[in-house]
Amino acid sequence: MATINMPRVFIPPPMRPLTAGEEVVEVAGANIAQVIENLEQRFPGMKERLCQDDALRPGLSVAVGDSVATLGMLQRTGPDVEIHFLPAIGGG
Amino acid sequence: MSGKRVVTLTVNGDRVEFLCEARQTLLEVLRNNLDLTGTKEGCSNGNCGACTVIMDGRPVVSCLVLAVEAEGSELRTIEGVARGSHLDEVQSAFLEGAALQCGICTPGFIVQTEALLEENPNPTEDDIRFYLAGNLCRCTGYDKIVRAVQAAAEARQVAAN
Amino acid sequence: MATAENPKYKVIGTRPVRHDGADKVTGRAKYGADIKLSGMLYAATLRSPHAHAKIKSIDTSKAEALPGVRAIVTSADLPAQGDRIVELGEGAANMRHLTANVLAREKVLYKGHAIAAVAADNIHIAEEAIKLIEVVYELLPPVMDVRKAMAADAPILNDDIRTASVGSAPAAKDSKPTNIAKHFLFEKGDIAAGFAKADVIVEREFDTAMVHQGYIEPHNATALWNTDGKITVWMSTQGSFSARQQTAELLKVPISSVKVIPTEIGGGFGGKISVYFPPVAALLSKKSGRPVKLVMSRASVFEATGPTPGSHMKVKLGATKDGQLVAGEAWIAFEAGAYTGSPIGPACMCVFACYDLPNGRVEGFDVCVNKPRTNAYRAPGSTHVAFATETLVDEICEKIGMDAADFRIKNAAKEGVRRVDGPVYARIGMVETVEAIKNSDHYKTPLEGKYRGRGIASGFWFNCGLKSSASATVNPDGTVSLLEGSTDIGGSRVGIAMQLAETLGITAEEVIPTVGDTDSAGYCDVTGGSRVTFATGIAAIEAAKDIQRQLVERAAMIWEVDVAQISYRDGGVHGPDGKFLSFKEMAGKLHATGGAVIGRGTSSAATQGGAFGTHCVDVEVDPELGKVQILRYTAAQDCGTAIHPSYVEGQIQGGAVQGIGWALNEEYWYDERGEMRNATYLDYRIPTCYDVPMIDTIIVEVPDPQHPYGVRGVGEVPICPPPAAIANAIYAAVGVRMHDLPMSPPRLSAEILKKK
């Protein structure tokens, strides 16, 4: 696994106690599922807050780069991309 | 409830007879008994104008008219606006001016406009807005409706001259 | 418009007559309430007269005995759901709450909450029967105010709700239940350091009332539960596939057992996504063996469907004296209504979305109160927060003496700017919409007269991508039959058909679009989130490209050359040595070259970039009555590429006028018992055409790179700016700052009196 150019995960404020206050962490992973697994390895407790039954928690979405990932846990990441966990958006 | 009444009237030029209960509105009978579902129900208390029909030359909200009150009257509904297989000027203006989005209020607006242009063939913007204020539209913001009425009035004037 | 300015397009930017138009101006179009089936029964719904109560017992025996009554259902007929959360395409739903909202179980949580339904030979018998159902209630105190509902000693609506905070550990199941269903927190930079740099700081509290989408067509559903176990539902809905899934989940039957046939729909604006009637009509049909129709009353539409929340907000903004925003902070609490699900997440993400804000903190709460379960309403959550932020921006501009348009241009969000919620913007058009207003004839023309004022405000909405599909069949006469599953609320058939036509090089009139049912069309998510022209448009473009590929193969066969030597462009296939066959000529050879050509396309990967709008309004205030007259209105919006400019303008105009209603008149007016006192159009006063002037529009086109033709959704953004723009204009007119919506005559005249 490459150690440079890893995806950069932005940690939501309520989760920062788990990262000792780190706002952005670099985590390897070819897709979101792997990123979350690797997050959990480094910061135990992370997965429970993001996932339920191996899917993203209801009402939660993940953005890779500037757009919301339509494939959820299966969404491919990439070198240097930003990953954000955000409320899911509907619309009228 | 028993004791149905026979009501005889003219609808869009045809003599029509139906049986109804005293508590039935003209709107209900038009839609359910006569299958004239172009007249729409939006509120059933006279506030939205979606059920507007022309009764003896006057626009009325058919949800506030009892069916038995229509005895002997002459009624024009949205189904009686087109001339045979041709749209009339108001219908064409609504279509070409994109004056409808969802379309549920459209029959009421077109019928109310027919009544307006009958009374006042050359209305100002203020005349139009005042006359149509009893018809609610939630999609268009009324801009294109008012312009369509203006276009229809103009088309009718041109046709008359 | 686009054809003049975008000569590369032949169809996009023109204004063809919509394909469903003739039916809609002649009264022939079939809406949900127009459905009539042989043997059909009519049903009525019993609703709670109380805002908060336990249901001790329901006795339907007298109703059952009434001649002409054929079936009665209560929540006992609906399967229990447990703690299931189901993903419904445009959001997840808690099934326990959804089923209790369809028919109340242990408790009623708002006045109008459905309890039972009766199917009878006609609607009058059904309504008589409803009155014969005896329900014993144990009354509970209602909680109607979002802040009171957050208090530690507030009456609790749902004993299964614990606060879910995004990114926090889930609350323990045995902890105390609460009305605060969700909590969000976003931070960027260092707000203390940011505010320390500010020369001007403004902080205000805002309250906005619950408001309704106000679509003219009431909810409806007609269902037939056939003897083979198949359920067919005719209804007006924003999403037939979502309605199918909700109905199947609520009845616990496979989705393939349910077929939803979408009728024409009389407006939705977000309010016709959630299901109310289909499972009830289906159960009544199962019990009676007959098709059953339910149509909602206008009062119930207000009292018992899904309005948008009332809110309480505290927002603070800081700027330097030369007009640079340095920090912002927001605390936002939304009324979810009876069950969790207000758009508080998007509200938090929208509150500072128009600006490049270096330091920000946003906290939001989703709070249950004894009002109907809220649903999406046009840019859900964004109008509330735009009212707050955009009036604060106006106040800052006044304090530092800077033009309101210049301030917005200086601080506008643009490509590369990081949002407070984290992501970085791609190419967006916020600056361009403010510049369009600044350069408009309206803004450049001085406003004169006493008690008159001008205001501007901006607004933002994300716009959704989600999933769509389309198929297109070539007809031998050179036309194409297009089948898609997005219900058409405002002219989307023509907008989608135009994109297919553009891609094939034919006219819009040569495409025949049909909105299919759930057994004929491919899956489409709801018509909402300003997504249909974008996403179903992409699906139609893909279907057209699929047709192109097939026609190239056929041409290769005709000309006996390799497909690599053939290309499809300018409305036909081009081969070697100047060989050309038009689309129509190729269509004429369909049967001789192998039969049907059917293109198919899907769209699921694309997500839209955001959309922005800026509005300018002139008002005149009656200082005695507090009544506001709109004198002139101009709305500029980034539409990416306008496919059908008339319907783009129409969306902007309609959204602006809904925003004007929200600003000036509309509100749910509750008494202390929790009863809505204005559940009619007469009293819940939506704008009439006499209340508003013409709405001028400026279409700004900053193409979205994610769509082949650059489309951005249009529908939602235009509702966001009006309340703030009008509040700013009122200040300019009479010198009072309004912090509550609606800015109705009593509220405004009270503020004017206070100032005197």
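In the predicted model, the contact between chain C and chain A takes 42 residues from chain C and 25 residues from chain A. The two chains bury about 2,400 Å² between them, and carbon and sulfur atoms account for 64% of this area. The count of salt bridges between chain C and chain A is 2. In a salt bridge between these chains, the side chain of E187(C) meets that of R16(A), with an N to O distance of 3.5 Å. Polar contacts between chain C and chain A number 6 residue pairs, both residues of each being at pLDDT 80 or more.

On the side of chain C that touches chain A, the elements that give two or more residues are β10 (180-188) and α11 (344-350) of chain C. Of these, β10(C) gives the most, with 4 residues. Sorted by class, this side of chain C has 23 nonpolar, 13 polar and 6 charged residues.

The chains form 2 pairs that touch, and the most contacts are found between chains B and C. Here 51 residues of chain B are in contact with 59 residues of chain C. The size of an interface is often given as the accessible area lost when the parts come together. For chain B and chain C the buried area is about 4,400 Å², of which 57% comes from carbon and sulfur atoms.

Across the interface of chain B and chain C, the rule finds 6 salt bridges. In one salt bridge between these chains, the side chains of R23(B) and E128(C) meet at 2.8 Å, N to O. This pair runs from the loop between β2 (14-20) and α1 of chain B, where R23(B) lies, to helix α5 (residues 123-132) of chain C, which holds E128(C). Over all chains, the structure holds 60 salt bridges. Polar contacts across the interface of chain B and chain C comprise 29 residue pairs, again with both residues at pLDDT 80 or more.

The side of chain B that touches chain C draws two or more residues from each of five helices of chain B: α1 (26-33), α2 (89-96), α3 (106-119), α4 (125-131) and α5 (143-160). The largest share comes from α5(B), with 5 residues. By class, the residues on this side of chain B divide into 21 nonpolar, 14 polar and 16 charged.

Chain A and chain B, in turn, do not touch, and their nearest C-alpha atoms are 13 Å apart. Chain C therefore has a contact with each of the other two chains, contact meaning heavy atoms within 4.5 Å.

Within chain C, a helix pair was also examined. Two packed helices are described by the angle between their axes and the distance between the axes. The axes of helix α16 (residues 492-504) and helix α17 (residues 532-559) of chain C come within 8 Å and cross at roughly 35 degrees. The crossing of α16(C) and α17(C) is right-handed. From α16(C), the residues in contact are S492(C), I496(C), Q499(C), L500(C), T503(C) and L504(C). Those they meet in α17(C) include V532(C), T536(C), I538(C), I541(C), A544(C), K545(C) and Q548(C). By class, the contact of α16(C) with α17(C) has 10 nonpolar, 7 polar and 1 charged residues.

Note on methods: Residues numbered from 1 in each chain as written. Chains lettered and ligands numbered in written order. Predicted model: local features only at pLDDT ≥ 70, side-chain atom pairs only at ≥ 80, totals over all residues. Heavy atoms only, no water. Buried area = accessible area lost by both parts, 1.4 Å probe. Salt bridge = Lys/Arg side-chain N within 4 Å of Asp/Glu carboxyl O. Polar contact = N/O pair within 3.5 Å; in protein donor to acceptor, adjacent residues only side chain to side chain. Nonpolar A, V, L, I, M, F, W, Y, C, P; charged D, E, K, R; others polar. Axes fitted to C-alpha atoms, helices over the stretch in contact; angles between N-to-C directions. Left-handed = near helix turned anticlockwise from the far one by under 90°.
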